[in-house]
Amino acid sequence: MNTLTLKPGKEKSLLRRHPWIYATAVARVDGKPASGATVVVRAADGRFLARAAFSPVSAIRARVWTFDENEPVDHAFFKRRVSAALAYREQMVHDTGATRLIFGEADGLPGLIVDRYQSAPGAPVTDQIVCQFMAAGVEAWKDAITRALTGATGCPNVYERSDAAVREREGLPSITGVLAGAEPPEAPDLLTTDECGVKYYVDVRNGHKTGFYIDQRDNRLLVQQQAKGSDVLNCFCYTGGFSLAALAGGAQSVLSVDSSGEALAIGARNVELNGFDANRAEWRDADVFKTLRALREEGRTFDMIVLDPPKFAPSAHHVDRAARAYKDINMAGFRLLRPGGQLLTYSCSGAIDAALFQKIVAGAAVDAGVDARILRRLSAGMDHPMLTQFPEGEYLKGLWLQRM
């Protein structure tokens, strides 16, 4: 039996049911576990703590599968975990064709991301699962997980997008391709899904993450509810998720800015797909930082601004630089906001916690010379649940603010 024994005192986090074991906490490894192999984790005094997936090169040396000594990690284990994850979504997630089925540690499957896209009404019938295997353990059980997904969902099409940089830290190569069923469609015949009455094209092969930012569903609905009659600015817009929500809500105009011409082209197609007035939507292929400054010089102002940038801080080493970038765009946003206007601003950097993000935004308001009230703190949707014992799962933070 492969066994990982911890240093004295390092069992405390596991006793609080935190699922990560860092290399610095490990005293020794008995046996020769391969990457992704299941190991028994024991305290320094020999007590059983957990069964975990071993990663020989990662700083997170093992990720916990189960804290139950009597629960084996086998094919039946993955069937149970997948079924439980689906049952939760069926209960809690509604009015969408795009759902996160599995959210890693929060569903007891550390390192695994699974999204499902189902066709919008009137669109060609499609049902597509997209997976990201981000850790050695789920990589080792990929076949079993794929079979569990197709069996539990009835969806025959599974595509892999294991091309995120985090795999490098696990010693894993970048991989994309079909795991089951048919190839997903490519441009121009993209998959079409819907959310809260709005249709979207999704490029699961080449798009960001699994093709769409499913985590922002609730926040897009908020924009849809608040946008009537507004002039809206959507920065880092990607394929126009917030832009389409604003148009659906009756926005007077929407300016969408992103540095990807390909993403903007899909956004423009989304306007046509929904039958919205294209004259209300402007798409600008440009650097957001430069554009924010240029808009101020032009004397432009807006009733609503959305700032949803990419991850500025991929690790704790980048926090200072990221904080400056977040402050820069938020300060510019406040200056472009009309009195009474709304700013929805986000950070998806795990290294920037909610308290620090709020502090950064508050500093941006002060430097912009405006007073602002927090209307609501924002987060990911119900299909991105958080474990009480795993705060690292809260990667998306947002603030809904109003300029006073």
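Biologist: Leaving aside neighbours within four places in sequence, which residues is Pro309 in contact with?
Modeller: This is a predicted model. In it, Pro309 touches Phe236, Tyr326, Ile329, Tyr346 and Cys348, once its neighbours within four places in sequence are set aside.

Biologist: Where does Pro309 lie?
Modeller: Pro309 is in the loop between β17 and α10, the latter covering residues 319-336.

Biologist: Is Pro309 buried or exposed?
Modeller: Pro309 is buried, because its relative accessible area is 3% and the cut-off for buried is under 20%.

Biologist: And how many Å separate the C-alpha atoms of Pro309 and Ala152?
Modeller: They are separated by 35 Å, and the two residues are 157 residues apart along the chain.

Biologist: Let us turn to Asp231. Which strand is Asp231 found in?
Modeller: Asp231 belongs to strand β14. Asp231 counts as buried, at 12% relative accessibility.

Biologist: What is Asp231 in contact with, leaving aside its neighbours within four places in sequence?
Modeller: The contacts of Asp231 beyond those neighbours are Gln252, Ser253, Phe302, Asp303, Met304 and Arg338.

Biologist: What is the order of the open sheet of seven strands?
Modeller: The order is β16-β15-β14-β17-β18-β20-β19, and the pairing is mixed. At the edges are β16 (281-285) and β19 (372-378), each of which pairs on one side only. On average, neighbouring strands of this sheet are turned by 15° against each other, direction ignored.

Biologist: How many bridges join β15 to β16, and do they run parallel or antiparallel?
Modeller: Strand β15, residues 253-258, is joined to β16 by five bridges, and the two run parallel.

Biologist: Which strands does helix α9 lie across?
Modeller: Helix α9 (residues 288-298) lies across β14 (231-235), β15, β16 and β17 (302-307), and runs at about 155° to β14.

Biologist: And helix α11, which strands does that one lie across?
Modeller: Helix α11, residues 354-368, lies across β18 (337-347), β19 and β20 (397-403). The angle of α11 to β20 is about 30°.

Biologist: Another topic: at what angle do the axes of α6 and α7 cross?
Modeller: The axes of α6 (residues 217-226) and α7 (residues 241-248) cross at roughly 35° and come within 7 Å. Their crossing is right-handed. On the α6 side the contact is made by Asn219, Arg220, Val223 and Gln224, and on the α7 side by Gly241, Phe242, Ala245, Ala246 and Ala248.

Biologist: How many residues of α7 are buried?
Modeller: Seven of its eight residues are buried, so α7 is largely enclosed by the rest of the structure. The buried residues are Gly241, Phe242, Ser243, Leu244, Ala245, Ala246 and Leu247.

Biologist: What follows α7?
Modeller: Gly250 follows α7, and the phi of Gly250 is positive, near 95°.

Biologist: Now the strands before that. Why is β8 largely enclosed by the rest of the structure?
Modeller: Strand β8 (residues 112-118) is largely enclosed because six of its seven residues are buried.

Biologist: Which strands does β8 pair with?
Modeller: β7 (residues 98-103) is joined to β8 by five bridges, and these strands run antiparallel. Ala98 stands opposite Tyr117 in that pairing. β8 also pairs in the antiparallel sense with β9 (residues 127-133), over seven bridges. There, Val114 stands opposite Cys131 in β9.

Biologist: What is the order of the six strands that form an open sheet?
Modeller: The order is β2-β6-β5-β4-β1-β3, with mixed pairing. β2 (20-22) and β3 (26-30) are the edge strands, each pairing on one side only. From one strand to the next, the twist averages 35°.

Biologist: How many bridges join β4 to β5?
Modeller: Five bridges join β4 (residues 38-42) to β5 (residues 48-54), and the two strands run antiparallel. Within this pairing, Thr38 is opposite Ala53 in β5.

Biologist: Which residues does UniProt list for "domain: PUA"?
Modeller: UniProt lists residues 2-87, in an unreviewed entry. Over residues 2-87 the chain is 20% helix and 36% strand, with the end C-alpha atoms 33 Å apart.

Biologist: Finally, what does the domain assignment of the protein give?
Modeller: The assignment gives domain 1 (3-66), domain 2 (75-191) and domain 3 (213-403). The C-alpha centres of domain 1 and domain 3 are 39 Å apart.

Methods. Residues numbered from 1 in each chain as written. Predicted model: local features only at pLDDT ≥ 70, side-chain atom pairs only at ≥ 80, totals over all residues. Heavy atoms only, no water. Domains from an automatic or database assignment. Pairing = 2+ DSSP bridges. Helix = DSSP H or I, 4+ residues; strand = E, 2+ residues; numbered from the N terminus. Axes fitted to C-alpha atoms, helices over the stretch in contact; angles between N-to-C directions. Contact = heavy atoms within 4.5 Å. Buried < 20%, exposed > 50% of the residue type's maximum accessible area, 1.4 Å probe, protein only. UniProt positions renumbered as here; feature names shortened; annotations may be inferred. Left-handed = near helix turned anticlockwise from the far one by under 90°.
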